[in-house]
Amino acid sequence: MHRIIGIVARWARHFGLTVMTLITTVTVTMAAEPQPWQLGFQPAVTPTMEKVNDLHNLLLVIITAITIFVLGLLVYVGIRYRASANPNPSRTTHNTVIEVLWTVIPVAILVLIAIPSFKLLYYGDRAVDPDMTVKVTANRWYWNYEYADENMAFDSSMIPEGDLQPGQKRLLDVDNRLVVPVGAKVQVLVTTNDVMHSFFMPSFGVQVYGTPGRINETWFQVTKAGVYYGQCNQICGLNHSKMPIVVEAMEQEDYETWLEVAQQNFALNDKTDPGTAPVKLATRIAE
Ligand SMILES: [Cu+2]
């Protein structure tokens, strides 16, 4: 039954039917990672992703209307002006009114699309009054998360296939998750120690490149407790497919409990000395 609801909801979202929003909501707790045969987006768990969904639905309506209109015109012309029905074709080559229309209307449509698109782009660009800051540093091929206000940082590496415990997801689960409190506005600063990588969290509507020598910014505010999966989605080399991102959103009390333990384990002084990085890289390649 859940499976059927899931399929219906995915199709509904794909076709932008707001009527099906209720069913879509039912599926929210079901998926935080890619699903087999998935067609639509992963369920939104941040305000940004909800806005991405809204824009996607708006675009779907516009593109459907345009496609139907153009198809209708083609069919009409094909039937109405076929050789047998129209043996003496008109030799008209210019029509000012129609030329103005087919220039102005598409421009108006593009402006109509650009306005919400740019609004969304700037909405996701910078955190206004963030509650906390996480600096995400990409490495070949693992992530480092630094909690700027807590003076701690830790690496997050994929669990190799042979070490997977029952219930852990192949190519997705990691040893140390990025943990955040539910409802907190998290400012995310993304950079890289080597090549370009990309911090991509589909259910957050977040994708930011890690560029050498630069810090890029984004933010997210997870509205539901849960475990969410993402990946590096900038082709970065040999183990590109082996640098998943796992974000766990916890209720505030649970987060504080986690933080106490984490602060002991990951105090910044214990952070891997950058001087040993090549050794680490070599062991990782050997694994
Ligand atoms: Cu990468």
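Predicted model: local features only at pLDDT ≥ 70, side-chain atom pairs only at ≥ 80, totals over all residues.
**View 1. The whole chain, before we zoom in.** Start by getting your bearings: the protein has 6 helices and 10 strands. It is 287 residues long, and 25% of those residues count as buried. Now look at contacts between residues at least 6 apart in sequence: 67% of them join residues at least 24 apart.

**View 2. Helix H3 from end to end.** H3 covers residues 47–80. The buried residues here are Thr48, Met49 and Val52. What covers them? The cover includes helix H4 (96–125), along with strands E7 (206–210) and E8 (216–220). A handy thing to keep in mind while you look: an α-helix has 3.6 residues a turn, so residues three or four places apart point the same way.

**View 3. Asn53 and its surroundings.** Asn53 sits in helix H3. Is Asn53 buried or partly exposed? A residue needs 20 or more C-beta neighbours within 10 Å to be buried, and Asn53 has 19, so it counts as partly exposed. Setting aside neighbours within four places in sequence, Asn53 is in contact with Phe41 and Ala44. Pro43 is 10 residues away from Asn53 in sequence, and their C-alpha atoms are 9.1 Å apart.

**View 4. Inside the largest nonpolar core.** This core has 44 residues, and those touching the most other members are Val136, Tyr145, Val188, Phe220 and Val247. Strand E10 (residues 244–250) gives the largest share, with 5 residues. The core also draws at least three residues from each of domain 1 (1–85) and domain 2 (132–272 + 281–286). Take a moment with Val136: leaving out neighbours within four places in sequence, its contacts are Trp143, Tyr145, Val188, Leu189, Val190 and Phe199.

**View 5. Strand E9 and its partners.** How many of the 7 residues of E9 (residues 226–232) are buried? The count is 5, so this strand is largely enclosed by the rest of the structure. E9 pairs with strand E6 (residues 197–201) in the antiparallel sense, over 2 bridges. To find that pairing, look for Phe199, which stands opposite Cys232 in E9. E9 and E10 also run antiparallel, joined by 6 bridges.

Notes:
Residues numbered from 1 in each chain as written. Helix = DSSP H or I, 4+ residues; strand = E, 2+ residues; numbered from the N terminus. Buried ≥ 20, exposed ≤ 12 C-beta atoms within 10 Å, placed from the backbone. Contact = placed C-beta atoms within 7 Å. Core = buried A, V, L, I, M, F, W, Y, C linked by C-beta atoms within 7 Å. Domains from an automatic or database assignment. Pairing = 2+ DSSP bridges.
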